[in-house]
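Hi there,

Here is the structure I promised to pass on to you. My notes on what turned up in it follow below.

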Amino acid sequence: MHEYTRALVWFRRDLRDFDNAALYHALKLSRQVVCAFVFDRDILDALADPADRRVAFIHASVTELQQSLRAKGGGLVVRHGVARDVIVQLAADVQAEAVFFNHDDDPAALARDAAAEAALCARGIAVHHFKDAVIFEREEVLTAAGSPYSVFTPYKNAWLNTLSPFYLQAYPVDAYADRLAAQSTPIPSLQDMGFSHTNLRELKLPLGMTGGAQLFEDFLQRIDRYQETRDYPAVKGPSYLSVHLRFGTVSIRQLAAAAWQQGGRGAQTWLSELIWRDFYHQTLWHRPDVAAGHAFKRQYDALPWPNPPGLFEAWCEARTGYPLVDAAMRQLNQTGYMHNRLRMVAASFLVKDLLVDWRLGERYFADTLIDFDLAANSGGWQWAASVGCDAQPRFRIFNPVTQSERFDAQGIFIRRYLPELARVPDTFIHAPWTMPAVEQQRAGCVIGRDYPLPIVDHAVQRGLALALFKQASPPALK
Ligand SMILES: Cc1cc2nc3c(=O)[nH]c(=O)nc-3n(C[C@H](O)[C@H](O)[C@H](O)COP(=O)(O)OP(=O)(O)OC[C@H]3O[C@@H](n4cnc5c(N)ncnc54)[C@H](O)[C@@H]3O)c2cc1C
């Protein structure tokens, strides 16, 4: 018994045709299912860089999704326009009785979906939406008092206590694949949409569902060593799956199930990172104001950030004179990815050494990261700036030199991204300004000419940061 003769599935941050909640439910309830993706002008027109790697990633992934749906006997209609309008028109054009999609809890996406839903309902078209991007969303994991968690460890314990195989089950889409409609359209090129060539292919980042699967398979071979390796940027320690999680070319259920079943120390640590992701997503759901530039701890909204002229630009352009920070920023600028340890170091440095408002750094990451995720980025920045939920205490200030000595002891990562320091001896690689003039000559790197002098003195800035934070702390903490 079918509820609908024809339904439409609207793909967004779930660019896969396996284990997809909305696609599965649409197929189960309908005789025929048309699949659609809209390159949303509301999002794309606001992007400043025509060579945005995310658009190229989405384009490649949508192309693969269309091919994969075709191989199953289906298709994918692809449009370029204002999604909330296009989807309503398309549903009417294909005579869909219902539209199915998966949740996206970014505030702007919620507003878009509410507008689309209202317009669809006004035309008598039913709307169904589902959890798909996380294991637990919204109000699913709450304290005994029914409020959202703001500290990670109790959240994680509650998350793990709530988990059962039910939540990790895959949606068997292929069981109903014969209900896919063969409707397809050509995919507009990046150029058609005003975007240009990026270096995504040269980066050899595996794309689409096959790329996500390839990376995951590779990671499963080393998941046991994750705990020991994940903090060293020169080592292949983490999974590099963040962009695939962002755009749903992998299934979070499949990833979490593999980590849960494996159960070793590495797998458990990795599962914790997936739980951090859920934690920040539920934080955004309960506190959408954090996405609008407010600190989770509102008293820190009033901090008078000095924002000294030129320092933010030097940080963006990898000219701080602190090699680990500069190498991190070059990795970001050249590849769109930055290792997690370096995100923490670079963010801390901007906020607590350069005394620049964390919102500027958050925005720069948002514009540049290929895996930019509003919830995780806002959470990560507010953690580093000590203004968020379960954040780094304000008096914990990373020393960029000791972080470098600890996590890139031989300077392998630094030299990879700062070739001007290639011949600087290990003893000076973390603080090259301490290198005697004769060593500088020998290394072919004169500090102040070939590589910048440090733009600030860490010890001095540390004191200034502590004084700054005192201004916004409750009197008892001063
Ligand atoms: C200042 C700052 C900004 C950040 N911005 C983002 C962002 O925009 N998008 C993003 O996906 N992650 C962000 N992170 C979290 C983390 O750095 C990246 O998820 C991770 O580096 C991605 O690499 P990976 O996939 O190899 O991670 P792995 O170590 O393999 O982790 C697996 C997955 O767990 C999730 N995860 C890991 N760490 C975190 C975390 N701290 N918070 C939330 N989820 C996490 C990610 O989805 C990641 O892909 C940020 C962290 C900081 C400190």
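Arg138 is buried, with a relative accessible area of 17%. Please keep in mind that this is a predicted model. Arg138 sits in the loop that runs between β5 and α6 (152-162), and although Arg138 is not a glycine, its phi is positive, at about 45°. As you know, most residues other than glycine have a negative phi.

Tyr240 is another residue with a positive phi, about 60° here, and Tyr240 is not a glycine either. You will find Tyr240 in the loop between α9 and α10.

**Helix α1**

Helix α1 covers residues 21-29, and its buried residues are Ala21, Ala22, Leu23, Tyr24, Ala26 and Leu27. What do these buried residues pack against? Their partners are the strands β1 (4-11), β2 (30-40), β4 (98-102) and β5 (126-130), together with helix α11 (252-262). At the start of α1, Asn20 places a side-chain oxygen within 3.2 Å of the backbone nitrogen of Ala22.

**The pockets**

The largest pocket holds about 1,400 Å³ of space. Its lining is made up of 49 residues, and those nearest the centre are Tyr226, Glu273, Trp276, Tyr280 and Asn340. Several helices supply at least two lining residues each, among them α9 (226-229), α15 (340-353) and α18 (400-407). Which helix gives the most? That is α12, with 8 residues. Sorted by class, the lining of the largest pocket has 23 nonpolar, 14 charged and 12 polar residues.

The second largest pocket has about 1,200 Å³ of space. Here 41 residues form the lining, with Ile43, Leu47, Asp106, Arg246 and Phe372 closest to the centre. Elements giving two or more residues to this lining include β1, β2, α2 (41-44), α3 (53-71) and α5 (107-122). The largest share, 5 residues, comes from α16. By class, the lining of the second largest pocket divides into 24 nonpolar, 15 charged and 2 polar residues.

Helices α10 and α17 are worth a look as you turn the model: each supplies at least two residues to the lining of the largest pocket, and both are also among the elements that give two or more to the lining of the second largest pocket.

Technical notes
Residues numbered from 1 in each chain as written. Predicted model: local features only at pLDDT ≥ 70, side-chain atom pairs only at ≥ 80, totals over all residues. Heavy atoms only, no water. Buried < 20%, exposed > 50% of the residue type's maximum accessible area, 1.4 Å probe, protein only. Helix = DSSP H or I, 4+ residues; strand = E, 2+ residues; numbered from the N terminus. Contact = heavy atoms within 4.5 Å. Polar contact = N/O pair within 3.5 Å; in protein donor to acceptor, adjacent residues only side chain to side chain. 1 Å grid on protein atoms, 1.4 Å probe; cavity = no way out; pocket = protein on both sides within 12 Å on 5 of 7 lines; lining within 4 Å. Points joined across faces, edges and corners; volume = space filled by probe spheres on them. Nonpolar A, V, L, I, M, F, W, Y, C, P; charged D, E, K, R; others polar.
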